[in-house]
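Please consider the sequence and the three-dimensional structure shown below.

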Amino acid sequence: MTEEDATKIIIESNEIQTRYDYDFHTLVQVVPYRCITPFNNCWLAIFDWKNSKTDFDYCFECYLIQNETVFKHFDFLPDSNDSDNINLAKFVNLQYNNGIILNQIEKFRLLKTDSFLYDFNHDGIDELLSFSTDGIVNYIHIFTPDLSDFSFCWILKFSYADKTCIEFINYKQRQGVKILDSYNVWHLYRYDYIQKQYIQDKTASSEELEKIHGSPDFFAEAGIDYTKLERPLLPADLEGFSKAALRIWRNAIYARHGRIFKSEDLQALFNEYAWYTPDENYSDDKLTDTDRANIKLIQEFEEK
């Protein structure tokens, strides 16, 4: 289903007709939302408030579409009756360390908001990373819809004072996010796939974390479909990818057979995927003819 098809279905749905007054709301964007669900199509719809006093006041809803109709929909953000209700921080300063965090996540920004949609923890489900404030304390959140009861759930919520210091980094062959608290102490959080939330790694000291920085290309794998490596790649599969992404494409072929990598960033990345199983006995003899052909094609793109 295309974005145009989904937009048409949502606009014509009973949910829209009965819930929204177009004198006050405008549907401004519909984007695909990746989730683990029995439904084929899940979409995030973004509305603006026409009478808002700012240019950046948006609300989000999630729509499940089945048989070309809206099967279910729910708010993606807390509503005004939620005890944790907060307001999006419109002008959060993300220039810590020359704005590395913005370089890492800017391509996932939703319109002009301080909300960013991507599968940040590589679990197959898109999360929403956002920044907000209650007027005194500012917050960093990462949350995702809970499709079991059609609501949302926090998987990371962290408060800070007057600084917005956050950065995705690699630490001991795992990916994580480091955050500076109001006492100028750095904390590292990694995603726990059993508890389904970010858990603090207390083995990482603040002094150590302060010296570790993430690459602007931290999420270079965005858009890569690893399942395509099961067949011969076509040139069209690789068009538009950066050098950093092509490097991941190529090394993913080895990773699928369990290769252990000397490069920390590659090892940390593949360690986050459920399909990756390190094999101390790995050898290139495990590569198939298709693998070798794909490696050759990717290398040709890297050399351009």
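Two strands are said to pair if DSSP finds at least two bridges between them. The structure discussed here is a predicted model, and in it 4 strands form an open sheet in the order β10-β11-β12-β13, with antiparallel pairing. The edge strands are β10 (166-171) and β13 (197-200), each of which pairs on one side only. On average, neighbouring strands of this sheet are turned by 40° against each other, direction ignored. Strands of a sheet pair through backbone hydrogen bonds, either parallel or antiparallel. Between β11 (residues 174-180) and β12 (residues 186-192), which run antiparallel, there are 4 bridges. Within β12, His-187 is the bridge partner of Ile-179.

Helix α1 (residues 3-11) shows two sides. Its residues Ala-6, Ile-9 and Ile-10 are buried. These three lie on the same side of α1 because they cover an arc of only 95° around the axis. Glu-4 and Lys-8, on the other side of α1, are exposed. An α-helix has 3.6 residues a turn, so residues three or four places apart point the same way.

A search of the whole structure finds 0 disulfides. A disulfide requires a pair of cysteine sulfur atoms within 2.5 Å. For Cys-35, the nearest cysteine sulfur is that of Cys-42, 3.8 Å away, and Cys-35 is in no disulfide. Cys-35 counts as buried because its relative accessibility is 18%, the cut-off for burial being under 20%. Cys-62 is likewise in no disulfide; the nearest cysteine sulfur to Cys-62, again that of Cys-42, is 3.3 Å away. With a relative accessibility of 0%, Cys-62 therefore counts as buried.

The discussion now turns to the interior. In soluble globular proteins, nonpolar side chains tend to be buried together. The largest nonpolar core in this model has 25 residues, and those with the most contacts inside it are Tyr-226, Leu-238, Ile-248, Trp-249 and Phe-270. The elements that give two or more residues to this core are α6 (243-255), α7 (264-271) and α8 (289-302). Of these, α6 provides the largest share, 7 residues. Apart from this core lies another, of 23 residues, among them Ile-142, Tyr-160, Tyr-191 and Phe-219.

What does Tyr-226 touch, not counting residues up to four places away in sequence? The residues touched by Tyr-226 are Glu-221, Ile-248, Ala-252, Arg-256, Leu-269, Phe-270, Tyr-273 and Trp-275.

Definitions and conventions: Residues are numbered from 1 along each chain as its sequence is written. This is a predicted model: local features need pLDDT of at least 70, side-chain atom pairs count only at pLDDT 80 or more; totals for chains, interfaces and linings use all residues. Side-chain values use heavy atoms; hydrogens and water are left out. Axes are lines fitted to C-alpha atoms, for helices over the stretch in contact, and angles run from 0 to 180 degrees between N-to-C directions. Buried means under 20% relative accessible area, exposed over 50%, partly exposed in between (1.4 Å probe, protein chains only). The arc is that of the directions from the helix axis to the C-beta atoms. A nonpolar core is a set of buried Ala, Val, Leu, Ile, Met, Phe, Trp, Tyr and Cys residues joined through side-chain atoms within 4.5 Å. Contact means heavy atoms within 4.5 Å.
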